[in-house]
Structures are given as C-alpha cells and as structure tokens.
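Hi,

Here is the model I promised to pass on.

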Amino acid sequence: MTLSILVVTDQRDGHLKGASLEALSEARRVAAQAGGGEVVAALVGSGLSAVIEEAKTRGVNRVLVVDDEHLRAFSASAYAQAVSRLIPKLTLPWAIFLPDSALGRELAPRLGALLGAGTATAVVEIHADPAGKVTVKRKVFGGKATETLELKGTPVLSLRPNSFAVDAPAAGDPPVEKVELGALPVHAQGVAVEKVVSTRGDTPELTEAAIVVSGGRGLKGPENFVMVEDLAKVLGAAVGSSRAVVDAGWRPASYQVGQTGKIIAPQLYIAAGISGAIQHLVGITNSRCIVAINKDPAAPIFKVADYGLAGDALTILPALTALVTKSKGP
Amino acid sequence: MDVLVCVKQVPDPETKLRVAPSGKALDTDGVKFTINNTYDEAMVEEALRMKEEFGFTSVRALSVGPARAEEALRATLAMGADEAVLVETPPGMELDPLFTARLLAAAAADIPHDLVLVGRHAQDDEAGAVGSALGEYLGLPSYSFVTELTPVAASHQLKMRRYLEGGEEVFSGPFPAVLSILKGAKDPRTPTLPNILKARKKPLKKIPVKDLEAKVSVLKGGFQPTSAVTSFTLPPPRSGAKMLEFQTPEEAATKLLKVLKEEAKVL
Ligand SMILES: Cc1cc2nc3c(=O)[nH]c(=O)nc-3n(C[C@H](O)[C@H](O)[C@H](O)COP(=O)(O)OP(=O)(O)OC[C@H]3O[C@@H](n4cnc5c(N)ncnc54)[C@H](O)[C@@H]3O)c2cc1C
Ligand SMILES: Nc1ncnc2c1ncn2[C@@H]1O[C@H](COP(=O)(O)O)[C@@H](O)[C@H]1O
C-alpha cells in the first residue's frame, strides 16, 4: 500500500509559482522522512498543457489533472470540488499540500471543510512519522510565537512561501492522468474574471520575494525613493515601503508592508529610513534576517533588526548598490 | 439585503505574550483583550458603508467565544450594527478555525444573511481559514482577499476586486456568499459615546455552544476540533541589532555585505 501526498499547485499566472515548487520539493522530503510514499502533483484549472510539462520535471511520481473550461476563473468552491475528484485516485491519501499563495490560502480551508480534515495555513515546518502522523509548526501572534499542531484525517496544509528549499528539476517521465470535473454544485458556479490588473512591473511580488528592500519617510522625498528601487534591482529583490510613504503619495498602496499592508516573510528584509512602528513590525517579524538603516541609533527598528547601520540612508543605499553591482562583475 | 459580520475578540497585539503552564497555549492570565480584531473592524466598516450606501436592511454581528467576547459584539453594535449573537463557549473549550467555522455555520443558519463577511485573519491564530471553510459549510460561494465590493441586487451578483500576487483581479460572482475583506474603502469609524451607550440596549442574544451540537455534528469534521496544539513557544527575546561601526558609506556597505554573506548566509 502506498501512502500519497497530493500537491495542489498554483499556476494562476500560467506557470508553477515558486511557492508551488517549494510545496512539491517539501512533499518529496516528507515522503522520504516517513519511510517512503508517492508524491502526486494535482493540476487544477483550464488550459494546463504547458504547466503539465513543467510539473513532470519536478520529481513527482504521478501527475493528476483536472483541466476544464469551468475552472478558468478561480473559485475556491469549484477548485475544492475538482481536487476532491482526485482523492479516489490515491490508494492511501496521506496529506494534501498547497502553496500558501492567495489561491492556496483560500482553497486549503475550503478543501479541509469539504473533507472534514485537519487544516493548517502558512505552515513553516512539517514532520511525518512512519506511522503517518503529521505535525506542523506555524507562526502566530504576528510572528511572536510558534505553535505545533497535530492534525486529524488527511491533513490539508498550505506552505508559507520562502520557508522550504526548492530542489533542482529532475529527469523522468511520470504518468499523467486526466480526470473529469463532472457536474458542479450551484455554489461552485458563476464566477467570472473581467480583468487582471497588474500593480507592478517586472519586480518580484512582495509576498513571494526572497529579498525585500523597503523605504520609509526617512528618505525625505519621492525623488530619493529610487535609491531603494535601485538597490532592489541589483539584488533581484521586491520593493516595499512603510505606510508613511504611501500616505505621502510617493508610492501606491500596493507597496505598503505591515498591518494594513502586506505581511511578508523574506529571507532578507532591508528597512531604510523606517522607524519601526508596531504596525510596520507585524508585517516583517517573520523575516529570517532584518537589516535596518536609520539615522537615529535609538529607532525602535533596531530592537527587532539583526544588523543595524546607524547612518544616512541617502548615502548608504547608493554605496550598497554600487558594491553589489561591482561584486557581480561585468 | 441582510449582512452578517463575524467578529473575533483577540488579545491586544501589544500585549506581552507568556506561555501557559500547559505549554500548549497563550497564558491569558492578565492579558488585555482588544475590543475586536483590527481586520474585523475594517470589515465591519465595509458592511456599514454598504448599508448606508445601498440602503441594506440590517447588519448583524456574530461571534463564537467565551463570555468576555460580548465586549467585541457591543463594540460592533457601537460602530453601528443592529443586532448581535454570541455563541458562548465554556472556559477552556478548545476551538480551531474549522471547528469555529462549523459553529458559525450552525448559528448563521438561523440568522438572515445575503452576505457573510469575515476579516482577513484573526490576529491571534493568523489562520485566515474561517471564511472559505464557512462558505463550504453553508453551501455558499466564498471570495477571499476582497478589496472592493459592489452588490447588484437585481441580478444577485457581486462586482468585486480581489488581491492576487502581483496585482488584483476584477471579477464577479453570485450571492448569497461569504467574503473575506482584505481592506475596506474607509478607515474604521470610532464609536461615539452616545453610540456606545445606545449599543448597550441593542439586542444581543446568547446561544450556549451545546445548543448547536446536533447541527454541527452532521457537518464534516463534527463537533470537535480537527487539529490540536501540542506546543506553544516563544522565541528567545531578540537581543537587538548587531550594530556595524563605520566611517564612510562605502565601509558601511562593505561590512554589511560581508556579514550577510558569511554570517547570516542570506546573500
Ligand atoms: C491602524 C494603523 C495601521 C497602520 N498600518 C501600517 C502599516 O501597515 N504599515 C506601516 O508601515 N505603517 C502602518 N501604520 C503607521 C505606523 O504607525 C507609522 O506611522 C509608520 O510606519 C511610520 O512610517 P516611517 O517609519 O516611514 O516614518 P517615521 O516614523 O516618520 O520614521 C522615519 C524614520 O526615518 C529615520 N530617518 C530620517 N532621515 C533619515 C536618513 N537620512 N537616513 C536614515 N534614516 C533616516 C528617522 O530617524 C525615523 O526613524 C499604521 C498606523 C495605524 C494607526
Ligand atoms: N471565534 C470567532 N467568532 C466569529 N468570527 C470569527 C471567529 N474566529 C474567526 N472569525 C472570523 O474569521 C476571520 C478569519 O479568522 P481566522 O481564520 O481565525 O484567521 C476573522 O477575521 C473573523 O472575521
């Protein structure tokens, strides 16, 4: 009998997102840790041929697909129904992994409710013992505490982006099986997308980026905010800001990090000219490493930062950009 | 149109956290509870805005929690909600987000609702799970991370915007439905003193959680949590930043990149 981990991927933008790759890689590790088991990629949506090819390179044992016109627009209800059609294809369903993207965060609890299973969102660690018992860790209270959960049934887990390593692509030709969607209940019908509005150009998304560089009011004016963007560019980082920057109209609301903005957990967070108000801090405390650049050595941001530079961001940011550019070579 | 808002009372975010002797929960002894989850305040504001703008019939508030959660409901009434229902849990009863969703679903079945609104997430468990689970239990569509919302009553359609990595989606879907509100159009209003006094007299019904057992037992997952906290830990206190000494911006840059590469290993 083979235990199976089903990994429901997010490909709303036409390819497997980084968080989906993390979920696939972690599923392989967890399966191995518990003494073996298969990893099955579940692709749900419409027009998936390219993504199927991508999933096949990710070291999975099988690929299950529900490709249906009715799944063109994302509806948590319809997608949960689609995933539930895949469960009978598993000999012994063990756990269901999803990326904790906007899609995964909405789908995981709906699926958990449909299956009556233990559910946990934004998990940062997963353990499975050979008996099959699954425990997870997740951050609570704005990252100020960690809870360990034991889950019943076939646990449904969404995995927080940037929390799990991504394996290199693997050769192989796993079998692909298409499964019919069948009839949907009324509550899973009728969602239509009119358009997608992109709020940023080619910089990485704040909630997914491994590195985020943020600027605050300490940059003095919108003309200096480009210093933050220049450093982000050479680091391949996303750009964020404090609310003061948004309120002053230097940058749009989509940049805002914190309680009323985005909650992020990058590997590296660089805050320049940000004081470190509690509403900003709740958005960043899950970062692995925090660097603060602030003129005021007593600024509260230094209490939560790992490394501090007490100095002028307007001169330090360009120096950092120049040095990173130089170290990367021509 | 009737709107039902689900609100949760949570510990004040600035409260100092301590671990309970069991090692499995927050020690709530001496903890100050806020009136309401901040994200729920934004969501309630959105409900009240719609009521005022579109002339909805009512905004009712629902909470699952111990007796003290009445304060959260009174605060919601003081903001402008019309009625409230508290599903009262006995001290020490363990809940998880999906069990909470089952209890909310059972209680909501007896409260008129065209729209059920929840917040982005609760500031304690940070699950962001109750909304779409509640949709499943109520047999309704659910829409999450909604940033703009206009109901078209005649066609029973909602025009919405929702957050998506890298942007937003403009989309529509039918109601009745459950929605999680990422942010409202306006900052939450602060209740005025007369409204706080008025709120004390507004109807607030209490339902003992036991009364819902039969209804909840038939839902997937049943009358119990499907996850259990086995440990609750606090990280060692942050010792404060390691301050790097420098004379020039170039020296600052050099020292920082060195520690990020060699010590923190994040570059
Ligand atoms: C309900 C509510 C929700 C909120 N939500 C958010 C949120 O989501 N996100 C958020 O960020 N804020 C939020 N805030 C606002 C928050 O309280 C702060 O006002 C805000 O974060 C301050 O932004 P700041 O640090 O850029 O500005 P300031 O607090 O003005 O800090 C500027 C800092 O720059 C430093 N500085 C000045 N010049 C230089 C220089 N040349 N080089 C280096 N440093 C310099 C100063 O020493 C100072 O520390 C919220 C507030 C409320 C009430
Ligand atoms: N005990 C509760 N009573 C009423 N509403 C709740 C409760 N718990 C959560 N909610 C609602 O669900 C949202 C998400 O909560 P959570 O899934 O716990 O992060 C909250 O913002 C509330 O609107």
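**Ligand 2, in chain B**

B:Ala122 puts a polar backbone atom 2.8 Å from an oxygen atom of ligand 2. On its own, ligand 2 exposes 480 Å², and the protein buries 99% of that (accessible areas come from Shrake-Rupley with a 1.4 Å probe, and for residues only the protein chains shown count as cover).

Before going on, the housekeeping: this is a predicted model, with local features needing pLDDT of at least 70 and side-chain atom pairs counting only at pLDDT 80 or more, while totals for chains, interfaces and linings use all residues. Residues are numbered from 1 along each chain as its sequence is written, chains are lettered from A and ligands numbered from 1 in the order written, and side-chain values use heavy atoms, without hydrogens and water.

Back to ligand 2: 19 residues surround it (a heavy atom within 4 Å), with B:Cys6, B:Asp40, B:Val64, B:Gly128 and B:Ala129 the closest. Strand S2(B) gives the most to this shell, three residues (strands are DSSP E runs of at least two residues, helices H or I runs of at least four, numbered from the N terminus). By class, the shell has ten nonpolar, six polar and three charged residues (nonpolar is Ala, Val, Leu, Ile, Met, Phe, Trp, Tyr, Cys and Pro; charged is Asp, Glu, Lys and Arg; the others, Gly among them, are polar).

**Ligand 1, in chain A**

Ligand 1 has 25 residues around it, the closest being A:Arg217, A:Lys220, A:Ser242, A:Thr260 and A:Ser275. One of its nitrogen atoms is 2.8 Å from a side-chain N or O atom of A:Asp312, and a backbone N or O atom of A:Val257 also lies 2.8 Å from a ligand nitrogen.

**B:Glu168**

This residue sits in strand S7 (residues 167-174) of chain B. B:Glu168 is buried, at 15% relative accessible area (buried is under 20%, exposed over 50%, partly exposed in between; 1.4 Å probe, protein chains only). Its side chain makes polar contacts with the side chains of B:Thr147 (3.0 Å) and B:Arg161 (2.7 Å) (N or O pairs within 3.5 Å; within protein, one able to donate a hydrogen and the other to accept it, with sequence neighbours counting only if both atoms are side-chain atoms). B:Glu168 also touches residues of chain A, including A:Lys195 and A:Val196 (heavy atoms within 4.5 Å).

Cheers

Key
Lists of a residue's contacts leave out its neighbours within four places in sequence.
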